[in-house]
Amino acid sequence: MRREIVTSILAVLVITVLCGILYPLFIAGVGQVAFPGNANGQKVYVNGRLVGSKIIGQSFRRPVLEKNGKPKEEEEEIVTEADPRYFQSRPSATEGGEYNAAASTFSNRGPNNKSTEEADAEYLKEYLEREKPYDTGLTAAAVPVDAVSTSASNLDPQISKANALIQAHRVAAVRRLPLSQVESLISKYTSGRGLGFSGEPGVDVLELNLALDRLTGGSA
Amino acid sequence: MTVSGWATIILFAVILTALALPLGSYMAKVYTGQRVFLTPLLGRPERLMYRLVRTDPEQGQDWKRYAGSLLLFSLGGWLLLYLIVRTQNAFYVPHALNPLGYKSGTWNVSFNTVSSFVTNTNWQYYSGETTMTYFSQMVGLTVQNFVSAGAGICVAAALIRGIVGRSGKTIGNFWQDIVRTILYVLLPISIVGAIILLSQGVIDNFSTYLTAHTVTGLTQTIAMGPVASQEVIKELGTNGGGFFNVNSAHPFENPNGFTNLVEMLLVLVIPAALVFMYGRMARNRKQGYAIYGVMMFMFLGAVAVAYVAEAHGSPAQHAAGIHTHVISGSTGGNLEGKEQRFGIAGSALFDTITTVTSCGAVNSAIESFTGIGGAVPMANLSASEVIFGGTGTGLYSMLLYVLLAVFIGGLMVGRTPEWLGKKIEAREVKLAGLGILITPLAALFATAMGVATKAGRASISELGGVHKPQGFSETFYAYLSQANNNGSAFAGYTGYIQPNAGNAGAHGVTFADLLGGFDMLFARFAPILFVLAVAGALAGKKVSPAGLGTMRTDNPTFAVLLIGVVVLVGALTFFPALLLGPIVQGLTGHLY
C-alpha cells in the first residue's frame, strides 16, 4: 500500500513535468518558430498601429460625439452608431460592450423565448433601416440570418456573402465607388470551405474594410 | 439544408472510419505489449518513467489492486490540481505565466472545477480567459486533460483483458497502461494535431492581452495564451474544457472549416479506434465491427435529427419576422448562437459529436439550439454516452450493455448466456446492471435537487426563467452533463458570479458547485469500480468452445438487440424529464 502511494505521487509529478511543462513549451516553441504570425494571433497593423486580429471579429460602429466633441456615454458605456462607411459585423452581445475579446460569452438565447424574439425583431428593424435607403428593393425575406442573430462566440470575424452584398450598396454609395468594384472586393475576401466541403464560405469583415480604406482613404 | 451540409456529415463518417481502423490495430499492439513503429523511439523513455515512479510494470494486478492504483493516482492528481488553482498568484508562479495578475478562484468553484477535470468532465462554471492563469491552464488543466482521458482508456483495456483473457486473475498493470497510453497514444497524436492547428491559426503564446485601436475609434482587448497545446488534447481526450469561455466557437481555438473538421476527428478517433481494438484483442474483428455498426447507426441518426431541426430555424426567429430558408450566399436556419464559418451542418455535427462522446466541447451555443435540436444532445447523454462515448468510458460502458444484451438474449432463447466463450452468471449481470444504472441515478437525483430547492433554482439564468421549460432544460442538462462526465452546457446555468475579470470579489454558488462536483466524482468512479469488478469476475472464467447453440455477438441480429437495449434503458429512464423540457419546446411555436 505504501509503495503504491509513493508511486502515485511520483507518477503525478513525472506526468505533470512531461505533459504540463515539456509538451506545452515544445508546442509553443514550434508555434513561435514555424508559425509566428498565427501563434501570436494574426495581428493587423495600420500605419504601425494595432487595429485588431485578422480572425477576431470587431465592431465597426463609431462613438457618438456630444456637441463638445467628447464621446457620449450612458451608464458608463460609450454610445455608438453604425459607421456607414464600413461593412458591419454580426450583432454581438458580449458583456462590457460589443465584441469584447477579453471575455467571450455565449448569448444563451433560448429558441422559444420571448426575449429572443424581441432581440431578433430589433436587429431586423435596425438592419432594414440602415440598408434599405441604399438597397431599395430590400425586404425582410432577403435579409440573411447571420445579419440578425448573434454568433456563438460573439466574436465572429465573418459575415455571409449575402449579407455583404446587401451592405455593398450602402458602402459603395457612401464611399462613391462603383458597386461592381465593391462586389469584386467582397469576392476577394471571401474564404471557401475547408477541403472544399467543411463549413460555409464567409467574408472577412476586417480585411474587407481595411481594403476599402486603402482604396479611398479612411479614418485611420 | 444544403448538399454540402449532408456531404460534410457523410464524408466525416468515412474519414473517421479510415483513421480509426489503423489506430485500432496500433492500440491493440500497444496494450498487448507488442512492438510498434514508435517502440525504438519511445522504449527508453518508457523504461525511464517506470524507474522514476518506482514500479515494476510487469507485475500483474488483480482487479482490486488495479482499481486501487487508479484511485490513488486520481486522488493525487486531484490534490495537485486543487493546489494549483487555489494558489494561482503565489510566489512560485512566474509573472510571464500570470501576466494579468489573476487571483485564485473561490474554494467552492475550485472544488467543482478540479473534480470536473479529474473526472474527464470539464464542466466549466468559470470562464477561461477571465479566471485562469496561463500557469493553471498549462501545468494544471492540460495535465488532467491527458491523465483523465488516459485513465479511461486503461479501464477499457483492462475490461477487454478480463473478457478475452485466459490467464486467471490479472487484468494488466495500471502503471504500465497509463504510461503507455500517454507515451504511445496521446502525446504523439497531440503533437501532430497541435502543429496542424497552429498552421491554421490557433494561437500559442504567453503574451499579455493585446489592446487594439480600431479604425472607427474604439478599443478592443484581445485575450491570448498557450492555446494550441491544450486545444488538441481537449479534443483528443474527449475532455472538452475550452481555453476560452466559448470553447471551440472561439476563432483562436477553431479558426476555420478545416480546423473544425480536424477537431471533430480528434474527438472521435480514439473512441472509434477502441472498438476496433476490442475486436483485435478478442481475436475476432467482427465483434468490433458489430459494435461499431451499432454506434455509427445511432450516431448518424442523431446528427440527421439535429441538422434538420437546426436548418428549420427557431420559433423565436420566425415570430420576429426572420426568414430562415436557404438563399443565395446564406445558409439560412437557426444561426443564433452559431458561427458563420461552421454553418448549420458544421455546428450540428460538432455538437452531436461532443455529446455522444464525453467531450462536451462546443462550437455553437447548445442553449440556443431549437427544442428538437437541443433534445439531441440530451438524448445522447441519456444513452449514457455509449454511442462512441468518451475515451475508454464509451467502450467500457457499451461493453456493459453488450453483457446485458447477451444475458437478455440468452433468456429469450432459453440458453445459458455466453460471451466469447465465457458463461455469464448472476454476479456479472448484477455488477453490470449497477454499473449501468449509477449514471442515470446520479443525473436524475441531482436534477430533482436542482429544481426542487431554492438554492438550486438560484443557478437558473434570468433568460431561461425559473418556472419555464427553458429553465428546467438548463438544470436537467447541467446535471445530466456532469453525471455523464460530459461538460457541455446550456450555458445560462451558473455556479460562479464574477463581477470583474481575475476572480477579485467573485463568489461561487456553493449548492450548485458541490452538488455538481460530487455528482461528477460519484458517477465517474463508482462505474469504474463496477467495470473493473466485472473484468475481474470474467478474467478467471474458463473458455468453452462455441457450439451450434451459442448465441453469436458479432452479427446484425445481435446489433439490433443491442440497439434495443441501449434505447430502452435510456428512454425508460429519461423520457419523462425530456418531455418536460426540450420536447415541449420542440412541439410548440409558443414563446415563453
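Chain A is divided into domain 1, residues 2–38, and domain 2, which takes 42–60 + 84–94 + 103–216. Those bounds come from an automatic or database domain assignment. The C-alpha centres of domain 1 and domain 2 of chain A lie 41 Å apart.

Before I go on: this is a predicted model, where local features need pLDDT of at least 70 and side-chain atom pairs count only at pLDDT 80 or more, while totals for chains, interfaces and linings use all residues. Residues are numbered from 1 along each chain as its sequence is written, and chains are lettered from A and ligands numbered from 1 in the order in which they are written.

Next, the contact between the chains. How many residues does each chain put into the contact? Chain A gives 101 residues and chain B gives 115, where two residues are in contact if their C-beta atoms, placed from the backbone, lie within 7 Å. On the side of chain A that touches chain B, the largest share, 21 residues, comes from helix α1 (residues 2–34) of chain A. Helices here are DSSP runs of H or I with at least four residues, strands are runs of E with at least two, and both are numbered from the N terminus. By class, that side of chain A has 48 nonpolar, 37 polar and 16 charged residues. Nonpolar covers Ala, Val, Leu, Ile, Met, Phe, Trp, Tyr, Cys and Pro; charged covers Asp, Glu, Lys and Arg; the others, Gly among them, are polar.

Now the strands of chain A. Strands β1 (residues 43–46) and β2 (residues 49–53) of chain A pair in the antiparallel sense over four bridges; strands pair if DSSP finds at least two bridges between them. Lys43(A) has Ser53(A) in β2(A) as its bridge partner. The hairpin of β1(A) and β2(A) has two residues between the strands, and Asn47(A) takes a positive phi near 50 degrees there.

Chain A also has an open sheet of three strands in the order β7-β9-β8, with antiparallel pairing. Which strands are at the edges? They are β7 (158–159) and β8 (190–191) of chain A, each pairing on one side only. β8(A) pairs with β9 (residues 202–204) of chain A over two bridges, and Ser191(A) stands opposite Gly202(A) in β9(A). Helix α6 (residues 205–216) of chain A packs on this sheet, touching β7 and β9 of chain A, and its direction makes about 50 degrees with that of β9(A). Such angles run from 0 to 180 degrees between N-to-C directions, and axes are lines fitted to C-alpha atoms, for helices over the stretch in contact.

Over to chain B and two helix pairs. The axes of α13 (residues 371–382) and α19 (residues 556–587) of chain B come within 9 Å and cross at roughly 165 degrees. α13(B) and α19(B) are therefore roughly antiparallel. The cut-offs are under 35 degrees for roughly parallel, over 145 for roughly antiparallel, 65 to 115 for roughly perpendicular, and oblique for the rest. Residues of α13(B) in this contact include Gly371(B) and Met378(B), and those of α19(B) include Phe574(B) and Pro582(B). The contact residues divide into seven nonpolar, seven polar and no charged.

The axes of α10 (residues 285–312) and α12 (residues 343–356) of chain B also come within 9 Å, crossing at roughly 140 degrees. α10(B) and α12(B) are therefore oblique to each other.
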